[in-house]
Amino acid sequence: MQRQSRILLVDDNPTNLAILEEMLGDEYRWEAATSGEEALEIAPDFQPDLILLDVMMPGINGYETCRRIRANPALRNVKIVMVSAKALVSERLEGYDAGADDYLTKPFDEKELLAKVRVYLSREQMKREIMEMLRGS
Amino acid sequence: MNLFARLSGNHAQIFSLLVSTVGQRDEEQIYLEGKPRLYLIHKIEYELKSLRDRYKFSDKEERRMGQLLARLAEYKSQSISAIEMTSVDLGVANKYMRKANGEYINVNNNFLGLLELTKENTLRFIKHSRQQFVRRTAIVVIVTSIAMTLLMAISIHVSNVLSGQIRDQIAVMSRLAGGEKDTLVPVSDREDEIGDLGRGILAFKESLLEQEKSRRAEEAMRAKSEFLANMSHELRTPLHGILSFARFGIKNTGKAGPQKLLGYFQKINESGNILLALLNDLLDLAKLESGKTPFEFRRVDICLLLAKVSDEFNSLLAERRLTVHFSTPDFNTELIMDPEKIMQVARNLLSNAVKFSPKGGRIEIGVSREERSVLVSVRDQGVGVPEEELERIFDKFVQSSKTRTGAGGTGLGLSICCEIMIAHRGRIWVENSPEGGAVFYFEIPLDMQDETGTDQVVKASDMWTPDDACQREHAV
């Protein structure tokens, strides 16, 4: 049976969360966290395939959250897309350094966001299928 | 005039050497002394000849001198022979030296005889000349030491004057280096090193000021670009909300039910209000910072204002089951201020307190009289402000990391309060309460009160600078 893809949304701004939730709609299973700390708490149980991570947050910021997620063996391979208003190349590079797979600047285009989500999730799906095949044979 | 009397100083010393050998020579002691003796003979010869060169001798003296020199020459040749023989045969030389020595003693005696001096006379003369020598030496020493002392005194004085100036310049230097850039550099017209030093330090100061200027300009540029970056981010977020939810509405018009559409409109409204508040705050702050905000100062009871502001929050307080405790003080709380602006400050602080208080929490408003001011405090039971952010939360767009989540607010409220307090020559700051929660203070100085105040009061306010207004050091 095919597992429904899971997305973890992390943003301290409720409006931003509402936008993401509205965009992703019913197609995906998602959870929302309003801080990096909350995201780190939810992620191990929720086992997301993709994390959409805001950068500027109170407490630990997106970069640090990303690093900590990568440090967790159970979450090491989850796809992380940073979604931030920080648009400078240096800021984007810091995101990649922290372990992000991709970087999206706010305000983002809905279609681009959904396309990225689709691409990363289908890859994850494919990976999972291959793993299952290998395990089966 | 006696020939001998003409000898003085070192001449006398040489004669004394000569004399001291008279009668003291023990033959047994004298071995191979040809060389030193020859040296002595040379010396005496030289002295006698130079004596003859310098003074006009009488015939008699001249004759004696001739005899003396002849004896010396004879004795010299003996000594030379002794030295020469020494190199041939030591034993023979010894014998010869003994013989020569006997003659030497004779020579000396003859010598003294020639000089018409008895041994006692000679010794007396030597003593006399020694005394004279000592006296002269003493005079020379005394004169020299006086001269030296004078010279030292003068040089100490001069070096004091110079080093005083150098010390002054060093003090100026270290003041400059310590950041007192207004330090006056004393520059003299001197053409020497001291003048150069002064001019050098002046150049140093000018370059410091130049650096300071460019640093400030850079800082201002950086602050400006940081502000712009922050502002664009803060504006973008609500705008993003408005646009996104409007788009969802457009996309889903046909399929979404009225409840869903209402949700979109509410979100649009919410974001629009946030945007409006942000723009209002930005405009307020810009006007305050550029000094374009009109202030209307008048005498008002601050307690009335605080009560009024507190009333505005009644419904919100009830909703969150919060209570406000306002203890009215027992002194005259009428102060000169712009009531609208002070209400804005109070509103801001109270709104923060309400926002960050836990449900059922207690907010305390206090008014107390300080030496030169009236102090208002707003105490909440929230999470408090992290120590490292006590200062920063008064900066633009800075919100406490503990409270930002979902709390809304533009991040400009406290910056505006700060500007308002600057205009009142007062201060605003925050401390953490030991029992938990934050206490915000703002202080309105009493010396605003009377335009015709005493000098002292004026001075107290003169010491105030805008940098003090958002005083954060006060926090424990």
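Leaving aside its neighbours within four places in sequence, which residues is B:V345 in contact with? I will come back to that after a word on the model.

This is a predicted model, in which local features need pLDDT of at least 70 and side-chain atom pairs count only at pLDDT 80 or more, while totals for chains, interfaces and linings use all residues. Residues are numbered from 1 along each chain as its sequence is written, and chains are lettered from A, with ligands numbered from 1, in the order in which they are written.

Now to the residue itself: B:V345 is in contact, beyond those neighbours, with B:C417, B:I420, B:M421 and B:F442, where contact means that C-beta atoms, placed from the backbone, lie within 7 Å. B:V345 is also among the residues that touch the most other members of the largest nonpolar core, which has 44 residues; such a core is a set of buried Ala, Val, Leu, Ile, Met, Phe, Trp, Tyr and Cys residues joined through C-beta atoms within 7 Å, and buried means 20 or more other C-beta atoms within 10 Å of a residue's own. A second, separate core of 33 residues includes A:L50 and A:Y103.

Across chain B, 23% of the 476 residues count as buried.

Turning to the place where the chains meet, the contact takes 17 residues from chain B and 16 residues from chain A. On the chain B side, α6(B) gives the most, with 10 residues; helices here are DSSP runs (H or I, at least four residues), numbered from the N terminus. Among the buried residues of α6(B) are B:L197, B:F245 and B:F248.

Key: Two residues are in contact if their C-beta atoms, placed from the backbone, lie within 7 Å. Helices (H or I, at least four residues) and strands (E, at least two) are DSSP runs, numbered from the N terminus. A residue is buried if 20 or more other C-beta atoms lie within 10 Å of its own, exposed if 12 or fewer, and partly exposed in between; C-beta atoms are placed from the backbone.
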